[in-house]
Amino acid sequence: MLYSVKLEKKMKVNFIKNWEQETLRISNFIKSEVNRAGFYKVILGLSGGLDSAVTAYLCVKAVHKENVLAVLMPHKISNNKSLEDANIIIEQLGISYIIRDITPMIDAYFNNYELYADNIRRGNKMARERMSILYDLSAKEQRLVIGTGNKTEIYLGYSTIYGDSACAIAPIAHLYKTEVRELAKFLHIPQKIIEKKPSADLWKGQTDEDELGITYKIADGILYYLLNEKLDKEDIIQKGYTERDIDHIINLIKKSEFKRKMPAVILS
């Protein structure tokens, strides 16, 4: 790990404060974009994590619970607590759900063709399989696919291109992970979901922060000063962040730039 948790107490960043207003803004955005696309129903993957829980709550506010379908897509190595937490959200919101176990599809590919693939490749395959299922069900159910990614993940490249980054609408993509957590508190999402360690649950023991090499709180502060305040590295150091952490974030942004762009084409 690159980060120092001791630094976090010094970090003070001016994130969104009026969550009632922001909730209304996002729910109106979802409703208008769904209608603009010619739909009135939505579908999303529900992992039991914070981002998908917040997105599900916002979708219910936008288009009502009867128009929201959650899809749970576990693999045999998935943490059972993830399914439990997803079911808590489903029960609280009163939304419909479908379970699609991705184990047969994922294991068939790797057992037959790529037996020695590492965790990253297997995790990416799982993410793309889940999105493939969502889009198939969206066609069947005539529902628009809603994304659950946040701004931190997008800028650090912590997503799978054409996997969890694929969607028709990304309603929380403008919110840093720290802001998503604050919004979750406002929405009264269960505390156990707010407090648990973020994990894509792609292999046993995986956590986002270990994989990224930095805590979300520190990453969000650096991203805020880079993207929102347009500060240079020296000025961000004056805010209490280390040069090592800042360089790490800048490197992650640069390495993942291709994920945030449409495919390059030759202009005629």
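Select helices α4 and α5 to begin: their crossing is right-handed, meaning that the near helix is turned clockwise from the far one by less than a right angle. The model is predicted, with local features requiring pLDDT of at least 70 and side-chain atom pairs pLDDT 80 or more, while totals for chains, interfaces and linings use all residues. Residues are numbered from 1 along each chain, and side-chain values use heavy atoms, without hydrogens or water.

Helix α4 covers residues 103-112 and α5 covers 119-141; their axes come within 10 Å and cross at roughly 140°.

Now show side chains. Met-105, Ile-106, Tyr-109 and Phe-110 of α4 meet α5 residues including Arg-121, Arg-122, Met-126 and Ile-133; contact means heavy atoms within 4.5 Å.

Next, select Leu-46, Leu-58, Val-68 and Ile-89, which are among the residues with the most contacts inside the largest nonpolar core, of 37 residues. Such a core joins buried Ala, Val, Leu, Ile, Met, Phe, Trp, Tyr and Cys residues through side-chain atoms within 4.5 Å, buried being under 20% relative accessible area with a 1.4 Å probe, protein chains only. Elements giving two or more residues include α1 (19-36), β2 (68-72) and α7 (177-186). The largest share, 10 residues, comes from α2.

Center on Val-54: beyond its neighbours within four places in sequence, Val-54 contacts Ile-172, Val-180, Leu-183, Ala-184, Leu-187 and Ile-189. Finally, select Tyr-176, Ile-222, Tyr-224 and Ile-246, which belong to another core, of 21 residues, lying apart.

Definitions and conventions
Buried means under 20% relative accessible area, exposed over 50%, partly exposed in between (1.4 Å probe, protein chains only). Helices (H or I, at least four residues) and strands (E, at least two) are DSSP runs, numbered from the N terminus. Axes are lines fitted to C-alpha atoms, for helices over the stretch in contact, and angles run from 0 to 180 degrees between N-to-C directions.
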